[in-house]
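Reader: I am new to this model and would like to know how its descriptions are reached. Please set each value against its definition.

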Amino acid sequence: MASVRKTRGESLLLRYIVLGSWAAVCLLPILWFLTVGFRPRTEIITPQPIYWPNWSLDAWYLLTSDWPIAQYLRNSVLAVAGSVVIDLILAIPAAYALSRYEFKGREDIGFYILSTRMMAPAIVAVPIFFLFRNMGLLDTVWALMLIYAAINLSLVTWIIRSYMLDIPKELEDAARTDGAGDLTILREIIVPACLPGIITAAVIAAIFAINEFLFTLLIASTSKAYTMSVALANFTGGSDGVIYNAIALVSFLAFVPILILVILIQKHLSRGLTMGAVKG
Amino acid sequence: MASIHLQNIVKRYGAFTGVQHMSLDIQDEEFLVLLGPSGCGKTTTMRMIAGLETPTEGNIVIGGEVVNEIDARDRDVAMVFQGYALYPNMSIYENIRFPLRMRGVPAAEHDRRIRQAADMVELGSFLDRKPGALSGGQRQRVALARALVNEPRVLLLDEPLGALDLKLREAMQDELKALQQRLGITFVFVTHDQHEALSMADSLAVFNEGRIAQIGTPEDIYARPRTRFVADFVGSSNVLPPDVTRALGGPAHWASLRPESLRLTFGGPVTGTVTALRYLGAGSRVSVQIAGAELAAFVPAGQPLPEPGASVGLGFDMAALHVMEGA
Amino acid sequence: MMTQVPASGTEGAAYAAPDRPSPPLRRRSPALRKAFPYLLVAPALAYLLVITLYPGIFAIYQSLFVVKFNSWDWAGIDNYTRLMKDREFWAALGNTAIIGGLSLALQTGIALAIAYFAYRDPLIRGWRIIFLMPMLFMPSAVAFIWKLAFNDGRVISDLLMRVGIVDGNVDWLAHIWLARFTLIVADVWQWTPFLFIIFVAALQGQDQEIEEAARLDGASWPRIFWNISLPMMRPIIVVAITLRGIDITTMFTNVYIMTQGSPGGATETMSFFIYRQGFRMFNFGYASAASVLMLVMTVIIAQTVVKRAFHSGKK
């Protein structure tokens, strides 16, 4: 009995050492970066790092006076929200077909949709750049919206498909004998029943869209279309070098809403991230 | 008007044949029970009547019209499902209202008809709740109300009582039977429970391996099973091979002899050895080794029981020995 | 068989269903029914085809030209033969494999270890949120965090000096492996949570009875984890690593912000190579040729590894 208790105690100590140190690895850079956001520029790049700065709101004043931060935010929100809406409009019917109908080529179509997720953005970067240039869409929020939607469509389709597969067939049969048509069943039965999946898909798609960097870098060239993610890369402008305190502040502005969204869908996160392959 | 005729129906799934050349006539206002083991084709048959499956061959005629090509939504046939299939996101009220909305019943009539259907199944005070907040029996009633609210010509019930405990199930059997008689709707009821089938059916179709093994009144099927399968599946029976039948004084043919038709006697023309006793509550089942076969006799409670190994005689009425036409 | 039961009572009368005329039955087009699922997937499919097939064909076409601004000169397969001889191209391929492989191995190991310790912990909900945080920062922000910590702010050097590992400021961009190391740290820090979340879900989702049975048989937790949990969650691990592996091979943001490929191209990944050829040097035909080769590799990987991973994931 004594030996059992001893091994228990040891493994608990080890457990908290491991978990505690990883928590420190996760949190310390974030906390330190938070202090960067609230220090004057003179205390960032120094021969000796300063761990406890003289607090200042320099970055905030810089952001609000010199940079159209509201414009960036508006662009981000517009492009991201628009892309999620496009995704849902396209993905919900597709997922419905893939999950609840038997038809020739279903597996191949499903896999093709999945496989577009595997494509490196760099592969299509050059052609997409030319495509949008020819369409006159360069440096517009619309182009970003379209490209974000394309990046996330496979993910959104597969997540929703996975949740739709879980809905009992009987529910659909019942609606059918009650007199409902296919689209009515989708709208009134299937969509409400897999709402958690739809929300999960939307949140994950939104996060990936907010984070998107390469395409945004290529498409957006002025503050007309700059988003938060690429605007960061812009605080490296010219003779000033990298304006880290502004960068830190902006990244926390984006971080907080994402954190809240993720906490809300926490239960579904693992399933969403694996496109439905893992049922949390 | 709402009689149903299945004409030479075949249903194949790839290489597997679920229903083989089945014909079945269901009269208007009849309570028909489809009985059989799982995988015998009874549920498939019902789903074809509902329009949820399409027959590979043959015709389905409802109310004088061939409905093969008609979608389930247009057939005016209602169905109660095994798992009730209540829409989880809608309140009970909205659940019952759904068929009315789908079939374009004027909105002004909805409330009256929903309440009427709810009263009919004694659902009173749950209308605002969600299905998740209800017990199994209550959900069952909601499913019924939803199926009946549109006054269908035919109601299909797919093992609707399977998920209920025994007491509730028996109460619901009585209620369903009474409801059907009061409404005069054609009921088609699928079950694998022979007691349920015998007690509810006007007409009983016993399914086996995609075919109807026998169809008739419950009394007829119990007393005169046509095949070994029916004898064995409906009630318990001693199925006698030809030589045993002859040893018991019948013709050299397969026969069925119900345990309750057998009496234990002392001596007599047929004697055997008791091999096992099983207590059943209302009586006991005594297994007797006789003429190379093992027969079961039912001894009501209160009568003397032999010891295992004892030698006993078996008496029965020759009329109870039912010689089967089929093998 | 008919049972003659007179309809009695008001309810029965109200439900005299058989007396009402049956409406004419509506027939729907069987062709439409057959086409219906295709109509449902068509918009999504069309959208994806435009965004993948069109660029694919465009890239193949463009890769056959030398493109300078608006003039396209036919080059045949010159771009490809040049690529085959281009040391930078092969280096980019190698760097992607080295940085991606090391990073993925580290992430998997760390994620498994912390998942093993965390999943039975009563505070798991708290751990999960803390461990998740790095993933929720914009990748560009993460790149800046580590750029500042390693290079511009000298924080890492300072910390290492304080514990006595190094005795001077380290120039992380001066050495091939140090520069790669900074990229790996940034990637591991940000993306270990991805694997952790999935592994914890898998561990929590496994059959408790099997664990309990093993406990009763006297197995220790490490043994249970190694001999029972790990083999059972293998399909999930495969899916998670596949997804992460794909994302790692597309690594761009960190390179762009932290190293720009230096020193001497030692941290240039495939994505950055294509970007640099296309949008820095304006060799669009050449960049397209590299894209086509990368696309071919992607298709091969998708058809083999990914297809299998997702099939085993579905069980």
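**Values and definitions**

Author: A:Trp67 is partly exposed, because 19 other C-beta atoms lie within 10 Å.

Reader: What makes a residue "partly exposed"?

Author: A residue is buried if 20 or more other C-beta atoms lie within 10 Å of its own, exposed if 12 or fewer, and partly exposed in between, with C-beta atoms placed from the backbone. A:Trp67 has 19 such atoms, so the residue counts as partly exposed. This is a predicted model, in which local features need pLDDT of at least 70 and side-chain atom pairs count only at pLDDT 80 or more, while totals for chains, interfaces and linings use all residues. Residues are numbered from 1 along each chain as its sequence is written, and chains are lettered from A and ligands numbered from 1 in the order in which they are written.

Reader: Where is A:Trp67 found?

Author: A:Trp67 sits in the loop between helix 2 (58-66) and helix 3 (69-100) of chain A. Helices (H or I, at least four residues) and strands (E, at least two) are DSSP runs, numbered from the N terminus. From A:Trp67 to A:Ala246 the separation is 179 residues in sequence and 9.9 Å in space, C-alpha to C-alpha.

Reader: How is chain A divided?

Author: Into domain 1 (2-58) and domain 2 (60-273); domain bounds come from an automatic or database domain assignment. Their C-alpha centres lie 32 Å apart. The contact between them takes 9 residues from domain 1 of chain A and 8 residues from domain 2 of chain A, where two residues are in contact if their C-beta atoms, placed from the backbone, lie within 7 Å. On the domain 1 side, helix 1 (residues 2-37) of chain A gives the most, with 4 residues.

Reader: How do you know what span is expected of helix 8 of chain C?

Author: The expected span is 1.5 Å times one less than the number of residues. Helix 8 (residues 176-205) of chain C has 30 residues and reaches 42 Å from its first C-alpha to its last, close to the expected 44 Å. Of its 30 residues, 24 are buried, so helix 8 of chain C is called mostly covered.

Reader: What kink lies in helix 8 of chain C, and where?

Author: A kink of about 40° lies at C:Trp191, shortly before the proline C:Pro193. The bend at a residue is the angle between axes fitted to the seven residues ending there and the seven starting there.

Reader: Why are strand 11 and strand 18 of chain B said to stand at the edges?

Author: In chain B, 3 strands form an open sheet in the order 11-12-18, with antiparallel pairing. Strand 11 (238-240) and strand 18 (322-323) of chain B each have a single partner strand, so one side of each is left without a neighbour in the sheet.

Reader: What makes strand 11 and strand 12 of chain B a pair?

Author: Two strands pair if DSSP finds at least two bridges between them. Strand 11 of chain B is joined to strand 12 (residues 255-257) of chain B by 3 bridges, so the two meet the definition. B:Asn238 has B:Leu257 in strand 12 as its bridge partner.

Reader: How many helices and strands are there in chain B?

Author: Chain B has 9 helices and 18 strands. Of its 327 residues, 46% count as buried.
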